[in-house]
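Here's a quick tour for someone meeting this structure for the first time. Have a look at the sequence and the model, and then we'll walk through a few spots.

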Amino acid sequence: MSASRSSGTTDALGPEEGPGSGCPKGAAPPEQPVREAGPPLPDTGSELLAALLDGMDAALCAFDAAGTVTHWNREAERILGWSAQEAVGRSGFAGWAVRRADAHEVRTRLMSAMDAPGRQVHEFALLRKDGGRVLVRSQSAGVRGADGRPAGVYCAFSETHARIDLERAIALSEALLEDASWGVVLVDVDLRPTVVNAYASRAFGGDGTALLGRPLGELVVQGVEELEGALQHVLAEGAPSAPAELWVTLRTARGERRRCWRSGFLRLASPLAEEPVPLGVGWLFRDVTAAKLAEREADRLRFRTGQLHRAARTASECEDPMEAATTLLDYALAGFADHVLVDLAAGERLVRRAATPADRPGPCLPVDGGSLPARYGPGHPALLAVERTGTVRTSAGPGDAGPAWAAEHRWPRDAAHALCAVLRSRGRTLGVLTFLRAAGRAGFERPDATYAETVAARVAGAVDLARALAAAEG
């Protein structure tokens, strides 16, 4: 490096060599403390400059006004192979760092920055010490002396492919954090969002800036433990090998929403530290709720169709039509409901003909001791189903006590959701089929009503056949 160093000493003036010495002419000067000889004091400014230049990530060289190389840092040595001792003092790049055919053009480009305002960007090929060529992108600017006149040029350069890679990385990060078609959230080591892109803001149902710095528990009502557990695992162990599907319930201005997010995680570490220092986690996700619900519904439909097929084959082997009816219900109950009641019309009343056990899971069997009247009060869902000739769904309200609500409706004490489907055959109402679910399960929905109506139609056919045979025998 060409940084100069001062000796750290000055010449002393004798008593007769200048005014203001404080001693009369011819008098002996007062004794001065004598400093012991030692190494020259370091020029800390030059050493600091050398350290800064060698610590730069970009290659840097400088030229004086005549085009002589005055500075050359370690990154320039790494890229081209020429050391500072070999580079400093040379006149331009001709014959060693640039082909002679290109030397004049490269020199003209670089030295033109001395008189031009601002920085100039160029691309040209340089020669490595081993003879290979490398394409670099340079930024050069003029250097002014103390008198304000042009004193030289400095040039910072890097390999073009490295620069392009950097630009691509920056462009990719900006695209991900702005208009990506999936959510991107950067989470710090305290598991608080620091960056949220537009997709993630919409997914959380709020303004992206309002989400920053807030604990995830304020945004996610259910599923936050699984989410935070995944983030902590990534911080400690690294990214998982495959995406994970997380079901969460979000708290939004329009109420709570249940969503499924297919998520991938990346551990973020500082590229500037010698040892990997965790900066947080990059969390990428897509909302796949619609697809998962459709998949779940397809699986449910496939299972129910299979159950109906097996029920029909088994019921066809039953000699007694009522046994066929209860067999159909045993297959229909699997995965659908906890209890089923069969109430058949007897004049103006409904009588209980078959039911599952009230206190435990079990098959649907005829009521012991014969048919018993169903003591339903006015407005009972089963009576409404008969009156409307359609399906009725109901559930215990938030303020209803479960056992009391079930007892009021004459249902097993664990019942919390009910679906009453009317039994119709040959244009006549034969009774009501009631499916019941416990409080730990979701209420009946429209697809459940469709399935129950299909089961009721088959059961009604068996009940009608049983009545026809009984009438023929009577």
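Which residues does Leu 423 touch, not counting residues up to four places away in sequence? Leu 423 touches Leu 344, Arg 428, Thr 429, Leu 430, Gly 431, Val 432, Leu 433, Ala 456, Val 459 and Ala 460, where contact means heavy atoms within 4.5 Å.

A word on the ground rules. This is a predicted model, in which local features need pLDDT of at least 70 and side-chain atom pairs count only at pLDDT 80 or more, while totals for chains, interfaces and linings use all residues. Residues are numbered from 1 along each chain as its sequence is written, and side-chain values use heavy atoms, with hydrogens and water left out.

Now the overall picture. The protein chain has 13 helices and 18 strands; these are DSSP runs numbered from the N terminus, with helices being H or I of at least four residues and strands being E of at least two. Of its 474 residues, 36% count as buried, meaning under 20% relative accessible area, with exposed being over 50% and partly exposed in between (1.4 Å probe, protein chains only). Take the contacts with a separation of 6 or more: residues 24 or more positions apart account for 50% of them.

Back to Leu 423, which is among the residues with the most contacts inside the largest nonpolar core, a group of 35 residues. Such a core is a set of buried Ala, Val, Leu, Ile, Met, Phe, Trp, Tyr and Cys residues joined through side-chain atoms within 4.5 Å.

The biggest giver is α13, with 10 residues. There's also a second, separate core of 28 residues, including Val 69, Ala 87, Ala 103 and Val 134.

Next, a helix pair. The axes of α9 and α10 come within 9 Å and cross at roughly 155° (axes are lines fitted to C-alpha atoms, for helices over the stretch in contact, and angles run from 0 to 180 degrees between N-to-C directions). That makes α9 roughly antiparallel to α10, a label for angles over 145 degrees. Among the residues making the contact are Gln 307 and Arg 310 of α9 and Leu 328 and Tyr 331 of α10.

Finally, there's Arg 99, in the loop between α3 (84-87) and α4 (100-112). Arg 99 is partly exposed, with a relative accessible area of 38%. Leaving aside neighbours within four places in sequence, Arg 99 is in contact with Leu 127 and Arg 133. Arg 99 and Leu 127 are 28 residues apart in sequence and 7.0 Å apart in space, C-alpha to C-alpha.

Terms used: Angles under 35 degrees count as roughly parallel, over 145 as roughly antiparallel, 65 to 115 as roughly perpendicular and the rest as oblique.
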